[in-house]
Amino acid sequence: MMNPGLQYPIFGPEIQCPHCRQTIPALTLTDTYLCPRHGAFEANPKTGELIHLQSGRHWRRWNGEWYRQHTHPDGIRFEIHEALDKLYTQGYRATRVIIARRYQELMSGYLERSTPWRGGQPEGSSARLYGLPVEFSPDPAEEPCWEVINFDLDKEPGVPVRYPYFRLFE
């Protein structure tokens, strides 16, 4: 008799579609999940990733949420921009962006830099994105969530003084 757990991909008999969040079933005896709106997703048991077969996008899960794993700076910039818009509609403003350290090299050319008038040392420069200060996450060995999640926003109640997030891809 076959173990029923072996009939499904690594994430079980059903998952939430990373795109539309509707529950989608696994195809038995395969590593595939099928969303009626977004098509097939293949689970890779070696990497723990979910791969959208049509687009090649990779997703990883942390605490029941799917996080897209970006390979291009525009992808993560767009995701941050959407999160800033969502905060704004909820009555919050972001005060800082913390980006996963694994994206530091990918994002370096897209961050705004400012140096103080006096001294002008690069150590004194502060990176910004959409007008907000940027920091990079701790090492994933210290905080494992940063191996999967892409960014976090520090926020406070209120609307931005100047809504700087409209400058999506300058």
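Q: How many bridges join E3 to strand E4 (residues 39-44)?
A: In this predicted model, local features need pLDDT of at least 70, side-chain atom pairs count only at pLDDT 80 or more, and totals for chains, interfaces and linings use all residues. Strands are DSSP runs (E, at least two residues; helices are H or I, at least four), numbered from the N terminus, and two of them pair if DSSP finds at least two bridges. E3 and E4 run antiparallel, and the number of bridges joining them is four.

Q: Which residue in E4 stands opposite Tyr-33?
A: E3 and E4 are joined by a hairpin through three residues. Across this antiparallel pairing, Tyr-33 faces a residue of E4, namely Phe-41.

Q: Which residue in the turn between E4 and E5 has a positive phi?
A: E4 and E5 form a hairpin, with four residues between them. Within that turn, a positive phi of about 75° belongs to Gly-48.

Q: What is the bridge partner of Ala-43 in E5?
A: E4 runs antiparallel to strand E5 (residues 49-52), and four bridges join the two. Among the residues of E5, the bridge partner of Ala-43 is Leu-50.

Q: Which residue in E7 stands opposite Trp-62?
A: Strand E6 (residues 58-62) and E7 run antiparallel and are joined by five bridges. In this strand pair, the residue of E7 opposite Trp-62 is Glu-65.

Q: Which are the edge strands of the open sheet of five strands?
A: The sheet has antiparallel pairing and the order E3-E4-E5-E6-E7. An edge strand here pairs on one side only, and this holds for strand E3 (32-35) and strand E7 (65-69).

Q: What is the centre-to-centre distance in the aromatic pair of Phe-11 and Trp-66?
A: Residues are numbered from 1 along each chain as its sequence is written, and side-chain values use heavy atoms, without hydrogens and water. The structure holds one aromatic pair (rings of Phe, Tyr and the six-membered ring of Trp, with centres within 6.5 Å; planes under 30 degrees apart are stacked, over 60 edge-to-face, the rest tilted). Phe-11 and Trp-66 form this pair in an edge-to-face arrangement, with 90° between the planes and a centre-to-centre distance of 5.0 Å.

Q: How many residues apart are Phe-11 and Trp-66?
A: The pair links distant parts of the chain. Phe-11 belongs to the segment before strand E1 (14-16), whereas Trp-66 is in strand E7.
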